[in-house]
Amino acid sequence: MRTLVVDHPLVAHKLTVLRDKETDSPTFRSLADELVTLLAYEATRDVRVEAADIVTPVAPTTGIRLASPRPLVVPILRAGLGMLDGMMRLLPTAEVGFLGMVRNEETLEAVTYAERLPDDLTGRQCYVLDPMLATGGTLAAAIRFLVDRGADHITAVCLLAAPEGCERLEAELADLDIPVTVVTAAMDERLNDKGYIVPGLGDAGDRLYGIAAG
């Protein structure tokens, strides 16, 4: 597994505002969208392409275009939805699937409650969107879910990551023989006793959409 922490002043600036507890939900959503687009630029460096012959206004030339099958972008519900527009801005022709996973707050294990994905992902590059790589359980389960359906190249885009989550992810996916990359804006210090990233930015879903009742 490869982990890439994107080192860029604009990434650091937007992340600082996201971390601030005074940042309201509309501002948080807007900045998260912008930040994901910056992360997506790095995350798509290995996107598969093929040669394309075209004619410019001056002369024929050969360029590149995205190869088939098209990449699949998979936000993990619900917080991953807040990253979708930013990712699709760079990959507008990608397909989108959805994976609903929730972390059991007692066991910290991921549970799948919904999915809308092709049954066969053979030969597909997948980009998984999950704001917080905390314990790593949810992301590991999501990646294995996609690989079990045939995906052969996985890139996870996260706003923040914790060392414990990356270590668990690497351990749980050690048996996979496909490329797995994590692209994140920052590697934070640690997890607290509740499994939250420190210093982190709080609960990404709550900050994107507000706290749901019940």
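Which residues have the most contacts inside the largest nonpolar core? Read on through the close-ups. This is a predicted model, so local features need pLDDT of at least 70 and side-chain atom pairs count only at pLDDT 80 or more, while totals for chains, interfaces and linings use all residues. Residues are numbered from 1 along each chain as its sequence is written, and side-chain values use heavy atoms, with hydrogens and water left out.

**View 1. The largest nonpolar core has 37 residues.** Those with the most contacts inside this core are L15, L18, L35, L39, V73, M87 and L201. At least two residues each come from α1 (9-19), α2 (25-43), α3 (84-88), β8 (125-129) and α6 (204-209). α2 gives the largest share, eight residues. A separate, second core has 28 residues, among them L99, L117, A156 and L176. A word on terms: a nonpolar core is a set of buried Ala, Val, Leu, Ile, Met, Phe, Trp, Tyr and Cys residues joined through side-chain atoms within 4.5 Å. Buried means under 20% relative accessible area, exposed over 50%, and partly exposed in between (1.4 Å probe, protein chains only). Helices (H or I, at least four residues) and strands (E, at least two) are DSSP runs, numbered from the N terminus.

**View 2. Here α1 meets α2.** The two helices pack at an angle of about 155°, and their axes are 10 Å apart. Axes here are lines fitted to C-alpha atoms, for helices over the stretch in contact, and angles run from 0 to 180 degrees between N-to-C directions. α1 and α2 are therefore roughly antiparallel. For the wording, angles under 35 degrees count as roughly parallel, over 145 as roughly antiparallel, 65 to 115 as roughly perpendicular and the rest as oblique. The crossing is left-handed, a label used if the near helix is turned anticlockwise from the far one by less than a right angle, with right-handed used if clockwise. On the α1 side, look for L10, V11, K14, L15, V17 and L18; on the α2 side, for F28, L31, A32, E34, L35 and L38. Contact means heavy atoms within 4.5 Å. Zoom in on L18: setting aside neighbours within four places in sequence, L18 is in contact with F28, L31, A32, L35, L159, L201 and R207.

**View 3. Helices α4 (residues 137-148) and α5 (residues 163-172) pack with their axes 9 Å apart.** Their angle is about 30°, which makes α4 roughly parallel to α5. This time the crossing is right-handed. From α4, the contact uses G137, L139, A140, I143 and R144; from α5, R168, L169 and E172.

**View 4. R124 sits in the loop between β7 (110-116) and β8.** Is this arginine buried or exposed? R124 is buried, because its relative accessible area is 8%. A polar atom of the R124 side chain lies 2.8 Å from the backbone oxygen of R70. That is a polar contact, meaning a pair of N or O atoms within 3.5 Å; within protein, one must be able to donate a hydrogen and the other to accept it, and residues adjacent in sequence count only if both atoms are side-chain atoms. Not counting residues up to four places away in sequence, R124 touches R48, P69, R70, P71, L72, E95, A151, D152 and H153.

**View 5. Two cis peptide bonds are worth a look.** Most peptide bonds are trans.

**View 6. T135 lies in the loop between β9 (132-133) and α4.** T135 counts as buried at 9% relative accessibility, and a polar atom of its side chain is 3.4 Å from the backbone nitrogen of G137. I197, in strand β14 (residues 197-198), is 62 residues from T135 in sequence but 8.6 Å away in space, C-alpha to C-alpha. I197 is buried too, at 7%. Beyond its neighbours within four places in sequence, I197 is in contact with residues including M132, L133, A134 and L160. P163, in helix α5, is 28 residues from T135 in sequence and 8.9 Å in space, C-alpha to C-alpha. At 23% relative accessibility, P163 counts as partly exposed. Leaving aside neighbours within four places in sequence, P163 is in contact with M187, D188, E189 and R190.
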